[in-house]
Amino acid sequence: MLIQLINSGLRKIPTWVLYILLPIPGILAIVAGLTDNLGPEPIKKLEGELGEVAIKLLIIGLAVTPLLHFTRINLLRFRRAVGVVAFGYVAAHFLTWLLLDVQLLSQIWADILKRPYISVGFVGFMAMVPLAVTSNNWSMRKLGQFWSVLHRLTYIATILGGLHYIMLVKGFQMEPLVHMAIILAFLVVRVPKWRRSVQASLRGLPDKVLRR
């Protein structure tokens with residue numbers, strides 16, 4: 001009964017609300033930077049703030065399916081908004097590094113290639129680009145079944161984001177390790193479903209071959 005009430009209440013919340021509320025922490029961080037309220041290293045602080053919100057949103061996106069499976073609380077209709085805003089944060093994090101930190105065009109590729117944590121973060125960012133571009137109903141219709149396959153890049157992007165966070169921090173810090181542990185836990189609970197999907201595909205393979 002309680003779950004039904006929660007889901008009923010969630011259905012009354014329009015998804016556009018998330019596009020207004022979720023960017024607020026990033027906007028506040030940018031305003032703090034513009035008003036010299038981010039400490040002695042404002043650019044590094046701004047990069048960190050944007051990146052941390054991004055990884056938290058990616059984790060929230062991963063949590064939607066396990067939450068539905070284990071509690072029946074349905075947040076599926078909000079997942080796209082969370083993912084799109086998460087990409088916005090990742091893009092803002094990348095642009096802050098690109099335009100405010102590095103600045104020199106000749107240094108950009110050198111940093112990407114020579115610094116492993118930047119390489120990992122850059123690959124994660126690039127993996128999110130096709131996800132953001134196809135996060136709309138038109139793309140879902142045009143891509144058909146391939147759309148769901150493409151959007152499994154979310155798992156790769158989130159793992160790379162967590163790894164980037166771990167490699168970025170100095171010394172032993174628990175927060176990035178906890179983030180990665182949560183990411184891996186949410187992926188592990190999907191393994192039985194993936195196994196069943198693969199087994200079903202393999203069982204149907206002989207029929208597809210015979211039809212040819």
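This is a predicted model: local features need pLDDT of at least 70, side-chain atom pairs count only at pLDDT 80 or more; totals for chains, interfaces and linings use all residues.
**Salt bridges**

The structure holds three salt bridges.

Start by selecting K44 and D101, whose side chains form a salt bridge at 2.9 Å, N to O. K44 belongs to helix 4 and D101 to helix 5, so this pair ties together parts that are 57 residues apart in sequence. K44 is partly exposed, at 44% relative accessible area. D101 is also partly exposed, with a relative accessibility of 27%.

Next, select K56 and E175; their side chains meet in a salt bridge of 3.2 Å, N to O. Here helix 4 supplies K56 and helix 11 (residues 174-188) supplies E175, so parts 119 residues apart in sequence are tied together. Relative accessible area is 34% for K56, which is partly exposed. E175 counts as partly exposed at 36%.

Stay on helix 4 and select K45 and E49, which lie four residues apart in that helix, about one helical turn. Their side chains form a salt bridge at 3.4 Å, N to O. Both ends are partly exposed: E49 at 30% relative accessibility and K45 at 39%.

**Loop residues**

Now move to D36, in the loop between helix 3 (24-34) and helix 4 (42-71). Its phi is near 60°, a positive value in a residue other than glycine. D36 counts as exposed, with 66% relative accessibility.

Finish at R72, in the loop between helix 4 and helix 5 (76-102). Phi of R72 is near 70°, again positive in a non-glycine residue. R72 counts as exposed because its relative accessibility is 51% and the cut-off is over 50%.

Terms used:
Residues are numbered from 1 along each chain as its sequence is written. Side-chain values use heavy atoms; hydrogens and water are left out. Helices (H or I, at least four residues) and strands (E, at least two) are DSSP runs, numbered from the N terminus. Buried means under 20% relative accessible area, exposed over 50%, partly exposed in between (1.4 Å probe, protein chains only). A salt bridge is a side-chain nitrogen of Lys or Arg within 4 Å of a carboxyl oxygen of Asp or Glu.
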